[in-house]
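Got the viewer open and the cartoon showing?

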Amino acid sequence: VKIFPNPAMGTLYIESPFAVRAIITGADGKIAAEQFNASTMNISMLPPGAYIISIYDDSGGLLTVQKIIKE
């Protein structure tokens, strides 16, 4: 699974060979954004800062966790 660009301003792109669910959480652990069948995510509404993006497969298995920066 590839997530780019990082840092990002408006759109995150998620490359995966199968459908994934993406969840972005803030430093407080609260969900800031969530998307099913994610190939892109609009993060323009998030304030600038560091976030964690977790990518899950369709059965709920965690595939990757990465830090992203919103500019």
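Start by selecting Asp57, which sits in the loop between β6 and β7 (strands here are DSSP runs of E, at least two residues long, numbered from the N terminus, as helices are for H or I runs of at least four). This is a predicted model, where local features need pLDDT of at least 70 and side-chain atom pairs count only at pLDDT 80 or more, while totals for chains, interfaces and linings use all residues. Residues are numbered from 1 along each chain as its sequence is written, and side-chain values use heavy atoms, with hydrogens and water left out.

Is Asp57 buried or exposed? Asp57 is buried (under 20% relative accessible area; exposed is over 50%, partly exposed in between, with a 1.4 Å probe and protein chains only). Asp57 has no salt bridge (a side-chain nitrogen of Lys or Arg within 4 Å of a carboxyl oxygen of Asp or Glu). Its nearest side chain of opposite charge is Arg21, 8.4 Å away (Lys and Arg count as positive, Asp and Glu as negative; His and chain ends are not counted).

So what does the side chain of Asp57 reach? Draw a distance to the backbone nitrogen of Gly61: 2.7 Å. Now show the contacts of Asp57 (heavy atoms within 4.5 Å): leaving aside neighbours within four places in sequence, you'll find Phe18, Ala19 and Leu63.

Next, color the strands on either side. β6 (residues 49–56) and β7 (residues 62–70) run antiparallel, joined by eight bridges (strands pair if DSSP finds at least two). Tyr56 has Leu62 as its bridge partner in β7. Five residues lie between the two strands of this hairpin, and Gly60 in the turn has a positive phi of about 90°.

Arg21 has Tyr56 as its bridge partner in β6.

Glu34 is in β4 (residues 31–35) and Arg21 in β3, so the pair ties together parts 13 residues apart in sequence. Both are partly exposed, Glu34 at 38% relative accessible area and Arg21 at 25%.

Last stop: select Leu12, Ile14, Ile24, Met41 and Ile53, which touch the most other members of the 16-residue largest nonpolar core (buried Ala, Val, Leu, Ile, Met, Phe, Trp, Tyr and Cys joined through side-chain atoms within 4.5 Å). β6 gives this core its largest share, three residues.

Methods. Polar contact = N/O pair within 3.5 Å; in protein donor to acceptor, adjacent residues only side chain to side chain.
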